[in-house]
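Hello,

Here is the structure for you to look at. My notes follow below it.

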Amino acid sequence: MAEENKLKIPPQYDLNAKWDACLDLGVRRFVYSSLAGAFTGLLLFRSPVTRWASVAFGAGVGIGSAYKECSLKFDGSSPKLTPKVSDAPVSKDEQD
């Protein structure tokens with residue numbers, strides 16, 4: 001009965017669920033992108049250095065895309081790229 005009286009946290013405010021989803025997403029994208037980079041490196045490059053660079057590039061793409069999606073889940077934890085436009089009216093002196 002005590003469990004029934006417990007307040008349920010709405011999904012948009014449940015930080016534990018957001019962190020779990022972001023960690024899962026980050027690990028999956030890191031692994032899949034690294035594997036794609038390794039496969040591409042095996043197909044395209046002969047030097048071990050360029051193959052490892054291909055793996056590192058894939059890992060970076062995976063981490064970057066996971067970061068972008070997680071920042072959107074947390075509603076703007078990263079800075080926005082669009083400039084803020086003020087709602088103040090423009091005076092006639094500024095227009096000339």
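A search of the whole structure finds 0 disulfides, a disulfide being a pair of cysteine sulfur atoms within 2.5 Å. This is a predicted model, in which local features need pLDDT of at least 70 and side-chain atom pairs count only at pLDDT 80 or more, while totals for chains, interfaces and linings use all residues. Residues are numbered from 1 along each chain as its sequence is written, and side-chain values use heavy atoms, with hydrogens and water left out.

Cys-22 is buried at 7% relative accessibility, and Cys-70 is buried at 11%. Buried means under 20% relative accessible area, exposed over 50%, and partly exposed in between (1.4 Å probe, protein chains only).

Helices are DSSP runs (H or I, at least four residues), numbered from the N terminus. Cys-70 is one of the buried residues of α3, which also include Ser-54, Gly-58 and Ala-66. Their cover includes α2 (15-44), judged by contact (heavy atoms within 4.5 Å).

Val-27, Phe-30, Val-31, Tyr-32, Leu-35 and Ile-63 make a nonpolar surface patch of about 600 Å². Its largest share, 5 residues, comes from α2. Ile-63 is in α3 and is partly exposed, at 47% relative accessible area. Patch residues have over 30% relative accessible area and no salt bridge, with nonpolar side chains (Val, Leu, Ile, Met, Phe, Trp, Tyr) joined within 5 Å. A salt bridge is a side-chain nitrogen of Lys or Arg within 4 Å of a carboxyl oxygen of Asp or Glu. Accessible areas come from the Shrake-Rupley method with a 1.4 Å probe.

Regards

Note on methods: Helices (H or I, at least four residues) and strands (E, at least two) are DSSP runs, numbered from the N terminus. Patches are made of residues with over 30% relative accessible area and no salt bridge: like charges are joined within 9 Å, nonpolar side chains (Val, Leu, Ile, Met, Phe, Trp, Tyr) within 5 Å.
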